Amino acid sequence: MNHDRLDAFRLDDDEGCRVYHLKMKMPMMISNRSIITCFYEHYDAETDQRIVVHSSQGNEAVIADRQRDIGKDVIANSIVTYMAGTPYEGGFELNQIISMDIAGMIPGFVKTKIAKRLANVGL
């Protein structure tokens, strides 16, 4: 998966769960970020609900092994991302929770811009 500012590299699975190295290209004056995250999935056939959780927690050995690819990137911490999607007649309900520490130094004006943008998510 490649986007303008995000590249995702699939790594070896960990006990059947997908592991990715996410490389984020940050705006000028901010160091790029790398996240090593593991995806856990659950599907409930009775409700047709799909749940996906991913987290950086417990991936220290993978981070150590990927230092060459991480390079000078700041290692960000995806504490937990939770997504639950449930289809219903005429639509789809999506619930999402994100807890992340992008780590490193971030200029105040950038923090303000990010806060304003995130304050309107889901409205």
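**Note on the predicted model**

1. Overall layout. The protein has 3 helices and 7 strands. The model is a predicted one. Read along the sequence, the elements follow the pattern β-β-β-β-α-α-β-β-β-α. Taken along the principal axes, the C-alpha atoms fill a box of roughly 45 × 40 × 25 Å.

2. Burial and surface. The protein has 123 residues, of which 30% count as buried. Among contacts with a separation of 6 or more, 36% are between residues 24 or more positions apart.

3. Main core. The largest nonpolar core has 12 residues: Ala8, Tyr20, Leu22, Met24, Met26, Ile30, Ile35, Phe39, Val52, Ala76, Ile106 and Val110. Strand S2 (18-24) and strand S3 (33-44) are the elements that give two or more residues to this core. The most comes from S2, with 3 residues. In soluble globular proteins, nonpolar side chains tend to be buried together.

4. Leu22 and its surroundings. Leu22 is one of the residues of the largest nonpolar core. Apart from neighbours within four places in sequence, Leu22 is in contact with Leu6, Asp7, Ala8, Arg33, Ser34, Ile35 and Thr37. Of these contacts, Ala8 and Ile35 are also listed in the core.

5. Second core. A separate core of 7 residues is also present; including Cys17, Ile36, Cys38 and Ile70 among its members.

6. Strand pairing. S3 and strand S4 (residues 49-55) run antiparallel and are joined by 7 bridges. Arg50 has Gly85 in S6 as its bridge partner.

7. Nonpolar surface patch. Which residues make the nonpolar surface patch of about 430 Å²? They are Met28, Met29 and Phe109. Phe109 lies in helix H3 (residues 108-119). Its relative accessible area is 56%, so Phe109 counts as exposed, the cut-off being over 50%.

Terms used: Residues numbered from 1 in each chain as written. Predicted model: local features only at pLDDT ≥ 70, side-chain atom pairs only at ≥ 80, totals over all residues. Heavy atoms only, no water. Patch = residues over 30% accessible without salt bridge, like charges linked within 9 Å, V, L, I, M, F, W, Y side chains within 5 Å. Areas by Shrake-Rupley, 256 points an atom, 1.4 Å probe, with all protein chains shown as cover. Salt bridge = Lys/Arg side-chain N within 4 Å of Asp/Glu carboxyl O. Helix = DSSP H or I, 4+ residues; strand = E, 2+ residues; numbered from the N terminus. Buried < 20%, exposed > 50% of the residue type's maximum accessible area, 1.4 Å probe, protein only. Core = buried A, V, L, I, M, F, W, Y, C linked by side-chain atoms within 4.5 Å. Contact = heavy atoms within 4.5 Å. Pairing = 2+ DSSP bridges.
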